[in-house]
Amino acid sequence: MLQVSIYRYNPESDDKPYMQDFQLDTGGKDIMVLDVLEQLKAQDTTISYRRSCREGVCGSDGLNMNGKNGLACITPLSATVKNNKLVIRPLPGLPVIRDLVVDMGMFYSQYEKVQPYLQNDTPAPAIERLQSPEDRAKLDGLYECILCACCSTSCPSFWWNPDRFIGPAGLLQSYRFLADSRDTVTEERLAKLDDPFSVFRCHGIQNCVNVCPKGLNPTRAIGHIRNMLVARAT
Amino acid sequence: MVTAATSYGRSGVADWIAQRVSGIILLAYFLFIGYVLLSGVDYASWKALFAQTWVKIFSLMAVLSLAAHAWIGLWSVLTDYLTERMMGTTGNVLRLVLQVLIGITLFVYVVWTVQILWGY
Ligand code: SF4
Ligand code: SF4
Ligand code: FES
């Protein structure tokens, strides 16, 4: 029997959050954490969480499992369960709406700040803006982000200043457009990042790298942005 | 809200560069002092060392670096933990009081160092 402990909070009926314990017979199978949640939801339909694709693509089921952030749908029990115990909490640092569902507003507003879209004022060519294979390769490891927020919500700097530090996810996307040869507003983008919080609150402890379910490296991207900012200033 | 008004260079890059440069100066100074101490000193040679102008200037640079480094570092710590978002207005008041205390302490250190270096 797997011992599962789930963070529960319904602001309409509970004064404060509590942990609810369940026992689950997994039949010895190495199922995903999302499967565990689905089976428990069949027992107790009030358990709330987000999920959609159940295959690591949509990024909606970022959760904290036994202390580590990840996507429940692609985290097998064998990767997280120790001593037969599984503790599931919402992503840390964001306001809880209900149970495992968090308010991602702060996360998205930081994402919005980096203007995550291509900007180019030059006249559009007849067919499309071309890019050499080398320039295209610079976007690898950046464009794959699914905005699951596992990284930013594992970052202490984001916990303390979610209103001012853009956080690893936003900065990874910021660099994705700084590095794009077709984007022409690099200078304007950099000018907006040159304050003591947006980029420089990153202290390089790499919690973000440690949890990214897509294997991306926000710390490296942040290092590139910092180098661009320093080069621009000196 | 936390603003950058009390940061060191008001810009992230300026703070970052100041932090690296002051760090390098401090490292160089401590290596220098460490080397002098390890190679054996007595009162006379120590006094003779600090009678030289370049040692005085190097020492002054080190203490100014220390002040800048401590200011930037502690400012980062305070603006992580003592903020309006975390503790309401108390956060701002507490942070400001501590920043003033830190500022006075660092200022005293700098003045005191100048006194020691050029006073004897
Ligand atoms: S960088 Fe990784 S962890 Fe962060 S939001 Fe993107 S996919 Fe999720
Ligand atoms: S490396 Fe930077 S962004 Fe990543 S967790 Fe650490 S402080 Fe946050
Ligand atoms: S449900 Fe879509 S990523 Fe897990």
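Let's start with a distance: in chain A, the C-alpha centres of domain 1 and domain 2 lie 29 Å apart. Domain 1 runs over residues 2–102 and domain 2 over residues 105–233, with bounds that come from an automatic or database domain assignment. Where the two meet, 15 residues of domain 1 and 14 residues of domain 2 take part in the contact, a contact being heavy atoms within 4.5 Å.

Before going on, a word on what you're looking at. This is a predicted model, in which local features need pLDDT of at least 70 and side-chain atom pairs count only at pLDDT 80 or more, while totals for chains, interfaces and linings use all residues. Residues are numbered from 1 along each chain as its sequence is written, chains are lettered from A and ligands numbered from 1 in the order in which they are written, and side-chain values use heavy atoms, with hydrogens and water left out.

Now step back and take in chain A. Its C-alpha atoms fill a box of roughly 60 × 35 × 30 Å along the principal axes. You'll find 9 helices and 7 strands in it; these are DSSP runs, numbered from the N terminus, with helices being H or I of at least four residues and strands E of at least two. Of its 234 residues, 48% count as buried. Buried here means under 20% relative accessible area, exposed means over 50%, and partly exposed is in between, using a 1.4 Å probe and protein chains only. Looking at contacts in chain A with a separation of 6 or more, 64% come from residues 24 or more positions apart.

Next, the inside. A nonpolar core is a set of buried Ala, Val, Leu, Ile, Met, Phe, Trp, Tyr and Cys residues joined through side-chain atoms within 4.5 Å. The largest one has 63 residues, and Val4(A), Val36(A) and Leu86(A) touch the most other members. Both domains of chain A give residues to this core, so it lies between them. Leu86(A) is a handy place to look: leaving aside neighbours within four places in sequence, its contacts include Val4(A), Val33(A), Val36(A), Met65(A) and Leu77(A). Apart from this core lies another of 10 residues, including Ile33(B), Val36(B), Val55(B) and Leu117(B).

Back in chain A, have a look at ligand 2. It is surrounded by 13 residues, and the closest are Cys155(A), Cys202(A), Ile205(A), Gln206(A) and Cys208(A); to be near, a residue must have a heavy atom within 4 Å. Helices α8 (207–211) and α9 (218–233) of chain A each supply at least two residues of that shell. The shell divides into 7 nonpolar, 6 polar and no charged residues.

In the model, residues 21–41 of chain B are 86% helix and 0% strand, with end C-alpha atoms 29 Å apart. Residues 96–118 of chain B are 100% helix and 0% strand, and their end C-alpha atoms lie 33 Å apart.

UniProt also lists His69(B) under "binding site", again in an unreviewed entry. His69(B) sits in helix α3 (residues 53–81) of chain B and counts as partly exposed because its relative accessibility is 27%. Leaving aside neighbours within four places in sequence, His69(B) is in contact with Gln19(B), Ser22(B), Gly23(B) and Leu26(B). The "binding site" annotation (unreviewed entry) covers Tyr81(B) too, which is found in helix α3 of chain B. At 41% relative accessibility, Tyr81(B) counts as partly exposed. Beyond neighbours within four places in sequence, Tyr81(B) is in contact with Trp160(A), Met86(B) and Met87(B).

Finally, a backbone detail. Most residues other than glycine have a negative phi. Ala149(A), though, has a positive phi near 75°; this residue lies in the loop between α4 and α5 of chain A and is buried, with a relative accessible area of 1%.

Technical notes. Nonpolar A, V, L, I, M, F, W, Y, C, P; charged D, E, K, R; others polar. UniProt positions renumbered as here; feature names shortened; annotations may be inferred.
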